[in-house]
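The plan is to look things up piece by piece and jot down what turns up.

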Amino acid sequence: MAAPESGDGNNGAARMVTLISSDNTRFEVEAAAASLSQTLQLTILDGGGGGGDGIPLPNVDSATLSKVLEYCIKHAPAAANGGAPNATAVDRAELERFDNEFVNIDQSVLYSLIMAAHNLEIEGLQSLVAKKVADMIKGKSPMEIRRTLGFPDPTPEEQAEMNAHMLEYGWAYE
Amino acid sequence: MQDTAADSSIRRVPATPRPTNPGRQRQALGRSARSMEKTAKKVRSQDSSGATAAVLPEELIAWEILIRLRGKDLIRCGAVCRAWHRLTSDPDFLLAHHQRQPSVPLVSLHGKTAWHRIDSVDAAIDAFDLHQRPTVRQPVLRFNDYSHRRRFVVHASCDGLILLSLSNGRFYLCNPATRQWISLPKLTGGGVAGMYLHTASGEYRVLYWTGTRRSVAPDAVYHVLTIGSSAEPRCIQQPIDSPSVKFFVASGLNNLMFLGSRPVLLHDCLYWVQLWGLETKAILVFDTVRESFRLMRYPTEFHQPCPCLLQMGGTLGISWRSTTMMKLCVLQDYRTEAWSLKYQIEFPVAEISGMVESPRFSGMIVSEDGDALIHCSSSFHMFHIDSKGKLLQKFRWDGLVSSATGFRFKESLFRHAFLERPRGRGRPRQPRFFRGL
């Protein structure tokens, strides 16, 4: 599995960096992809992450990091084009299709992803996942939202407050 | 450019026992580590009642997820738990939410005959979200306006508030997102020039005039009404920067020169473009800080019939239309008053002609991207075209006359004190502007 550190691009230009997850798994990835993270970009610009060293990410486990990198690698070419003004409609459609499938995952994974995206400052990923969670809330009643997000059942006082709100804003529940 | 196939580019390297962590990396990552600590603390500090997800920090839920919800969805979230209730009542959050909302053009719909009604009302205002595909039409107001001789008029749309007058001549201020409304009886009998946020005081103010009707030598007197203030409107006479302005403001702003011209609010000024009459055209400006009128050069070099002002990305735009095309130019430089052509849009005449009989087009550029809404006076259609003249969507309302108001609307759930009604006995009666919504 392990490939030469020098990278295998035909002009040898793809600089690789190593990221180390909280459970000590090492991921080697192109610097361009990792740089979608504002946090990592700083480190990489500073010369970090290359060679035998790695950038430790003590708050991201390997399952989440692998998912995060899947996103970064897919989006890196478009990001390199500065938001891809010259991207074809096909490219954009392909990214959209990828994004839709990408967030079609378990809620717990979504939560880990949004935390990781938040901490690594990957704006696109963060808004992609946040939008997905927001979509899960749309059109639902407060009770359904609580269940969807795994909140415990409301206490009697909370239930009373909920009912009062529903009475006051009845039109928002129609 | 590297070809980065998703799977092959991640290479898992077996963990090695040498923990390499040079100081400079730790430094750069410090930011992320700190924010982790911060968010972790937030989870723990949550109140036991709501336990807003044991998984996600409250701040992330609020500012990343809930802020993306629109109107009713966000209001319903206020009932989910105490933390969310606090959040959805927090003025800072609601203002930030408002800032994120798209600015969408408002279209008015009038029932041509009494039996043609939309959801049991004969008057409506809809917002068209042109960024969505297909275009999403959102109901904003639904009410009865009864009269067949006069129609309701939208006078202003400012920060989610809509100022309109009905056929009975009365003025109302509504926030469709919170379903709040008040009447503004002091405006009755006056002519509304525009509404604006007075930035220094944070007050919403209405500029209006009185005293021109049936007058041989019209001499309008202008007033400023502060919304929510119990004080009488303040009379500012006829404030002009130079004698040349007097001609334009003397008979009020619904005189023939400005009839149908909708004000644009930009950089603390209200702007109107002269629609009719006179070879030398003008743009009239009311400075809301200095409270006086002045004139601005009209770009004669681009002139065509039917000029219409609009806001284009922080500057002024003017669009013109003929029966087959529209064009738009934008103000490049406030100081030199230089304008430049931005869009020239040919109507898809052939395509539309196949759909409606004897089409006579009129239309309006309504978005910053140069999207336009055009309608045909002979039929009950409206068409959404993009800045290249491509037909994107067709709307049809039987018996309803639709027209773009020239105003845009940006939803706001912010609860202004002046719209709050005292909590009375029993349920508040259903406001008249939201029937069937």
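This is a predicted model: local features need pLDDT of at least 70, side-chain atom pairs count only at pLDDT 80 or more; totals for chains, interfaces and linings use all residues.

**Entry 1: a sheet in chain B**

I went for a sheet in chain B to begin with. What order do the strands of this open sheet come in? I read it off as β17-β18-β19-β20 of chain B, 4 strands with antiparallel pairing. The edges are β17 (308–312) and β20 (338–346) of chain B, since each of them pairs on one side only.

Then I zoomed in on one pair. β19 of chain B, residues 325–333, runs antiparallel to β20(B), and 8 bridges join the two. I picked V330(B) and asked which residue in β20(B) is its bridge partner. That turned out to be S340(B).

A reminder to myself for reading strands: in a regular strand the side chains alternate between the two faces of the sheet.

**Entry 2: one glycine in chain B**

Next I picked G406(B), which sits in strand β25 (residues 400–409) of chain B. Is G406(B) buried or exposed? I get 22 C-beta neighbours inside 10 Å, so G406(B) counts as buried; the cut-off for that is 20 or more.

Who does G406(B) touch, once I leave out residues up to four places away in sequence? My list has R262(B), C308(B) and M364(B). I followed up on C308(B): 98 residues separate it from G406(B) in sequence, yet C-alpha to C-alpha they are 8.2 Å apart in space.

**Entry 3: over to chain A**

Chain A has 174 residues, and buried ones make up 39% of them. I listed its secondary structure as 8 helices and 3 strands. Starting at the N terminus, the elements go β-β-α-α-β-α-α-α-α-α-α. I looked at contacts too: taking those in chain A between residues at least 6 apart in sequence, 56% join residues at least 24 apart.

For domains, the assignment gives chain A a domain 1 (16–138) and a domain 2 (140–174). How far apart are the C-alpha centres of these two domains of chain A? I noted 35 Å.

**Entry 4: the hairpin in chain A**

Last stop was the hairpin of β1(A) and β2(A). Strand β1 (residues 16–20) of chain A pairs with β2(A) in the antiparallel sense, over 5 bridges. One of the partners I checked was M16(A), whose bridge partner in β2(A) is E30(A). Between the strands there are 5 residues, and in this hairpin N24(A) takes a positive phi near 65°.

Why do I call β2(A) largely enclosed by the rest of the structure? Because 4 of the 5 residues of this strand (residues 26–30) are buried.

How values were computed
Residues are numbered from 1 along each chain as its sequence is written. Chains are lettered from A and ligands numbered from 1 in the order in which they are written. A residue is buried if 20 or more other C-beta atoms lie within 10 Å of its own, exposed if 12 or fewer, and partly exposed in between; C-beta atoms are placed from the backbone. Two strands pair if DSSP finds at least two bridges between them. Two residues are in contact if their C-beta atoms, placed from the backbone, lie within 7 Å. Domain bounds come from an automatic or database domain assignment.
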